[in-house]
Every structure is written in structure tokens, then in C-alpha cells.
Amino acid sequence: MKETFNLIATAAAGLEAVVGREIRDLGLDCQVENGRVRFKGDISAIMMTNLWLRAADRIKIVVGSFPAKTFEELFQGVFALDWENYLPLGAKFPISKAKCVKSKLHNEPSVQAISKKAVVKKLQKHYARPEGVPLMENGAEYKIEVSILKDTATVLIDTSGSSLFKRGYRTEKGGAPLKENMAAAILLLSNWYPDKPLIDPTCGSGTFCIEAAMIGMNIAPGLHRSFAFEEWSWVDKEALRQARSDALRQIHQEIELDIAGSDLDARLVEIAEKNAAAAGVAKQVRFKQMRLQDLHTDKINGVIVSNPPYGERLLDADAVTKLYQDMGKTFAPLKTWSKFILTSDEAFETKYGSQADKKRKLYNGTLKVDLYQYFGQRVKRQLD
Ligand code: SAH
């Protein structure tokens with residue numbers, strides 16, 4: 001099969017640069033684009049990125065790219081790709097997704113059907129199977145995606161399976177959970193480091209606290225889940241087993257972290273505790289039931305992260321206004337603490353009572369949100 005792959009890590013809008021940084025930290029060169037980061041690598045790069053990237057959605061192989069203004073061009077383009085290097089005889093290969101944007105070809109079901117025909121024909125030819133007899137598809141699954149943008153088709157194979165935000169630790173969630181990779185990305189964007197205290201006063205199912213503990217303990221986010229590529233016959237299972245046991249060995253079990261989550265809703269606090277236990281970070285995170293209005297601390301130089309109710313999903317407009325006002329009052333005495341607050345409310349700063357030092361546009365699912373960033377005042381040490 002292939003030695004080197006053209007790869008992309010897909011990322012939510014606004015988080016591409018974070019994913020790019022993570023890929024570089026794994027020692028891989030990359031280019032950051034809208035919604036994706038491109039890189040090249042071998043099968044171990046596929047393993048390492050799936051296992052270690054905290055902010056990405058999925059890792060996909062780019063099989064090829066070509067102009068496709070007509071169905072004939074699409075068929076010939078797909079047929080010309082080197083499918084024999086990816087799909088063994090018996091492979092299951094649904095065209096799981098087709099997307100057409102600003103292109104002559106726009107009928108997505110037809111794009112799927114034509115692409116499927118082209119791959120089938122190529123494999124029949126390569127494996128010397130008679131045409132007209134369907135290929136058996138009883139082996140491992142290779143999900144193929146075709147996206148046509150401005151008349152250029154790109155054909156991809158998904159290596160991840162379910163999206164990488166699914167770490168496998170979240171047994172239950174509240175009404176408006178944050179995706180795990182979004183929570184991790186915000187922490188990576190923030191000025192929090194594992195030696196600083198972290199508080200999430202609206203913790204819900206505990207996502208920020210759990211992701212922070214996983215960063216602090218150096219737990220690979222994909223350690224407890226499986227990936228589509230693991231089923232592929234040409235992937236060395238021993239190498240993957242090795243990568244997983246290396247990741248286990250790299251966990252800082254003894255690190256001391258100061259991470260606390262609280263929520264108004266006692267039921268959610270219980271869920272957060274369960275999730276933390278499932279993620280292997282129970283000892284590193286403290287959860288309790290508390291109103292954010294009751295938050296006090298004498299600690300300094302910490303970081304508050306919060307994904308409060310927005311009004312859209314959990315509270316009515318007046319309650320949200322009151323909550324944001326209370327937040328402003330409660331956080332105001334914590335002058336050395338930085339605060340990172342994620343909300344879709346465009347009037348947040350007015351309600352909270354102060355202008356953010358920095359704002360960053362993000363998407364929580366399909367909802368446009370902003371990350372309001374307030375940086376803590378540096379405390380100067382007294383020199384003797
Ligand atoms: N990030 C969380 C979801 C947060 S949703 C996750 O990933 O699960 C907002 C949370 O704020 C809800 O759990 C809600 O119970 C909590 N909340 C609302 N008002 C609050 C208050 N006054 N004090 C503390 N928590 C509050």
C-alpha cells in the first residue's frame with residue numbers, strides 16, 4: 001500500500017491555527033487553510049494525529065483532486081485515482097458524503113452514485129473481476145467523501161470514524177454541552193498552563209475541567225476510543241498497540257493540578273464527576289454544586305473559563321442578562337485572574353460591565369459565538 005499520504009485535519013472555523021500548532025508539535029510540517037490543515041505523513045502520522053490532536057474534528061486522506069465540470073469528467077477523474085493503494089479486495093467503500101459548492105455539478109446524490117461506479121470499475125479492473133458482477137463488500141469500511149468546490153473535485157477517505165471530539169469519556173451530558181475538542185481548543189488558545197489554577201463556574205458535564213486535566217496529565221485524547229483506520233487490513237496493528245502503550249507511559253500520574261468546576265445543577269455535578277472518572281482524571285478535578293454568584297477565592301493568577309447559558313437554549317433573556325451582570329460583579333474582585341467566556345450574546349460586554357481585551361469568533365456547532373477574553377493583571381513580585 002502507500003508509504004506517504006496527503007492528509008488533512010478538519011477543524012471548526014476559528015480553530016484551524018490551534019490544530020496547526022498541535023500538528024507542528026507532533027513534528028509535522030503543515031499548512032493552515034479555512035476549515036482544514038494540510039500535512040503529509042505515513043501511517044504513523046495518521047495514528048499519532050488521531051491519537052493526540054485535541055482540537056481537530058477528523059483526519060482524512062486526500063486520494064486526489066481534479067477538475068470536474070461534467071459527470072464524465074467526474075467519472076474519469078475518480079477512475080484515474082490509485083484506489084488499489086487503499087482498497088483491498090472485499091473492502092466496504094460507501095461514498096458517505098458528497099458536497100457541491102459553487103460548481104456546475106450540484107446534484108449530490110448523482111455525484112455519489114457516479115463516484116461509486118468509478119471506484120467499482122477501477123477495482124474490478126485492478127483485481128481482474130468480471131464487470132457486471134458486483135464486488136463483495138464484506139470487509140473493513142473505508143468511507144469515501146467527494147467534495148466539489150468551484151468545479152474542482154477532491155476525493156477523501158476518512159481515517160477517524162466518529163469525530164475526534166468523541167473521546168469516549170462522556171457518559172451523559174447536560175442540555176447544552178460543549179464539544180470536547182472545542183473546550184480543549186479554547187484552553188489551548190487561553191493563557192492557562194497546568195501550573196495555574198483553573199475554575200469553570202458553569203461546568204455542566206465538566207468538559208473544560210476534564211479537558212484541562214487531560215492536557216495537564218498529558219493524556220492522549222484518543223486513548224480510550226477506536227478509529228476507522230484500525231480495521232484496515234494493511235495497517236500494522238502492532239504499531240498502533242505500541243503508540244497506545246507509549247501514550248499510556250507518557251501520562252503524568254503524579255502531577256498536581258488545581259482545577260475546579262461548579263454548577264448550579266447538582267445532577268450535572270454528579271454527571272461531571274462520572275465523566276471525570278471515565279476520563280481517568282477524577283483525582284485531578286474537584287466538582288461541587290454552587291451558584292457562580294458565590295464564587296470566592298484568595299488564589300491569584302488563575303484562569304476562569306465559562307460557557308454560561310446563552311438564552312437560545314437554557315434560559316430566558318432576562319435571566320441571562322441578570323446572570324451576566326452577576327458574573328461581572330462576581331469576577332471583578334479577581335483582578336489577577338484571566339477570564340474566557342464563550343457566548344452567542346452580542347451584548348455580553350455591556351451586561352457583564354466591561355469591554356473584553358480580545359474577542360475571537362468561533363462556532364459552537366452551527367451557532368455563532370464569541371470567546372470574550374479578559375486578561376488578568378500581572379502581580380509584580382516584591383523584591384527584598
Ligand atoms: N460547558 C458545559 C455546559 C455549560 S451549559 C458542558 O460542556 O457540559 C451552562 C451551565 O450553566 C448549565 O449547566 C447550568 O446549570 C449552569 N448555570 C446556569 N446558571 C448558573 C449559575 N447561576 N451558577 C452556576 N451555574 C449556572
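In what order do the seven strands of the open sheet that includes β10 and β13 stand? The order is β10-β9-β8-β11-β12-β14-β13, and the pairing is mixed. This is a predicted model, in which local features need pLDDT of at least 70 and side-chain atom pairs count only at pLDDT 80 or more, while totals for chains, interfaces and linings use all residues. Residues are numbered from 1 along each chain as its sequence is written, and side-chain values use heavy atoms, with hydrogens and water left out.

**Domains**

- The domain assignment gives domain 1 (5-158) and domain 2 (180-221 + 229-374); such bounds come from an automatic or database domain assignment.
- The C-alpha centres of domain 1 and domain 2 lie 33 Å apart.
- Across the two domains, 27 residues of domain 1 are in contact with 29 residues of domain 2, where contact means heavy atoms within 4.5 Å.

**The sheet from β10 to β13**

- Helices (H or I, at least four residues) and strands (E, at least two) are DSSP runs, numbered from the N terminus, and two strands pair if DSSP finds at least two bridges between them.
- In this sheet, β10 (285-289) and β13 (358-364) are the edge strands, each pairing on one side only.
- Neighbouring strands here are turned by 20 degrees against each other on average, direction ignored.
- Strand β9 (residues 259-263) runs parallel to β10, and five bridges join them; Ser-262 has Lys-288 in β10 as its bridge partner.
- Helix α5 (residues 180-189) packs on the sheet and touches β8 (198-200), β11 (303-306), β12, β13 and β14 (367-374). The direction of α5 makes about 165 degrees with that of β13; axes are lines fitted to C-alpha atoms, for helices over the stretch in contact, and angles run from 0 to 180 degrees between N-to-C directions.
- β8 and β11 run parallel and are joined by two bridges, with Val-303 in β11 as the bridge partner of Leu-198.
- β11 also pairs with β12 in the parallel sense, over four bridges; there Ser-306 has Ile-341 in β12 as its bridge partner.
- Both faces of β11 are covered, with Val-303 and Val-305 buried on one side and Ile-304 and Ser-306 buried on the other. Buried means under 20% relative accessible area, exposed over 50%, and partly exposed in between (1.4 Å probe, protein chains only).
- Helix α9 (residues 317-331) lies across β11 and β12, at about 170 degrees to β12.

**Asp-345**

- Asp-345 sits in the loop between β12 (338-343) and α10 (348-352).
- Asp-345 counts as buried because its relative accessibility is 12%.
- The side chains of Asp-345 and Lys-351 are joined by a polar contact of 2.6 Å. A polar contact is a pair of N or O atoms within 3.5 Å; within protein, one must be able to donate a hydrogen and the other to accept it, and residues adjacent in sequence count only if both atoms are side-chain atoms.
- Not counting residues up to four places away in sequence, Asp-345 touches Val-320, Tyr-324, Lys-351 and Tyr-372.

**The sheet from β2 to β5**

- Another open sheet has seven strands in the order β2-β3-β1-β4-β7-β6-β5, with mixed pairing.
- β2 and β5 (95-101) stand at the edges with a single partner strand each, so one side of each is left without a neighbour in the sheet.
- The twist averages 25 degrees from one strand to the next.
- β2 and β3 pair in the antiparallel sense over four bridges, and Val-32 stands opposite Val-37 in β3.
- The hairpin of β2 and β3 has two residues between the strands, and Gly-35 takes a positive phi near 80 degrees in it.
- Helix α3 (residues 71-80) lies across β4, β6 and β7, at about 125 degrees to β4.

**The largest nonpolar core**

- The largest nonpolar core has 118 residues, and Leu-74, Trp-83, Leu-87 and Val-281 have the most contacts inside it. Such a core is a set of buried Ala, Val, Leu, Ile, Met, Phe, Trp, Tyr and Cys residues joined through side-chain atoms within 4.5 Å.
- Helix α6 (residues 207-217) gives the most to this core, with eight residues.
- Domain 1 and domain 2 both give residues to this core, so it lies between them.
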